[in-house]
Amino acid sequence: MRRAARIASWSFAALAALILLLAGTLLVLGDTAAGHQWVEQLTQDLTRGEVRLTGLGGSFPSHLTLKQLQLTDRKGVWLEADDVRVSCNPLALLHKVIAIRTVQAARLSVMRAPVPRSARHGRSRMPHID
């Protein structure tokens, strides 16, 4: 029984160390030019091209700058923002909260309302925003 507990303890410690190593690697790589480009591409891939980031900079992940942000839908670009600055608290995500301190943009252009995606039962779902 003691051996099983020891194996479980070492396994848990190894898993925790791996998670900390991956988080640290993300934070370090996220602050490099290559990391910024990777985040830009990953964002576009994960959103199927609906969110395009260009010129990501700043201190990842709490103080970000962006030369241009484009939001698109099936009819094309519906929102564009230039020279965006965002200051947030990424640790709040541990509590399932997005805590944004400030958002600034030199230019914000909303061309039209976004076209809703078709959802199950014909309803589109928009997240709740406070």
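Mentor: Glu 80 is found in strand β4, which covers residues 76-89. Keep in mind that the model is predicted.

Trainee: Why is Glu 80 called buried?

Mentor: Its relative accessibility is 16%. Buried means under 20%, so Glu 80 counts as buried.

Trainee: What makes the pair Glu 80 and Arg 107 a polar contact?

Mentor: The two side chains come to 2.9 Å in that contact. The cut-off for a pair of N or O atoms is within 3.5 Å, where one must be able to donate a hydrogen and the other to accept it. The side chains of Glu 80 and Arg 107 are therefore listed as making a polar contact.

Trainee: Which residues does Glu 80 touch, leaving aside those up to four places away in sequence?

Mentor: Gln 68, Leu 69 and Gln 70 are touched, and so are Arg 107, Leu 108, Ser 109 and Met 111. To be in contact, heavy atoms must lie within 4.5 Å.

Trainee: What makes up the nonpolar surface patch?

Mentor: Leu 15, Leu 18, Ile 19 and Leu 21 make it, with an area of about 390 Å². Each residue of a patch needs over 30% relative accessible area, and nonpolar side chains are joined within 5 Å. Ile 19 lies in helix α1, residues 2-30.

Trainee: How many helices and strands does the chain have, and in what order do they run?

Mentor: There are two helices and five strands, running α-α-β-β-β-β-β from the N terminus.

Trainee: How much of the chain counts as buried?

Mentor: Of its 130 residues, 21% do. The chain exposes about 10400 Å², with 62% supplied by carbon and sulfur atoms.

Definitions and conventions. Residues numbered from 1 in each chain as written. Predicted model: local features only at pLDDT ≥ 70, side-chain atom pairs only at ≥ 80, totals over all residues. Heavy atoms only, no water. Helix = DSSP H or I, 4+ residues; strand = E, 2+ residues; numbered from the N terminus. Buried < 20%, exposed > 50% of the residue type's maximum accessible area, 1.4 Å probe, protein only. Areas by Shrake-Rupley, 256 points an atom, 1.4 Å probe, with all protein chains shown as cover. Patch = residues over 30% accessible without salt bridge, like charges linked within 9 Å, V, L, I, M, F, W, Y side chains within 5 Å. Salt bridge = Lys/Arg side-chain N within 4 Å of Asp/Glu carboxyl O.
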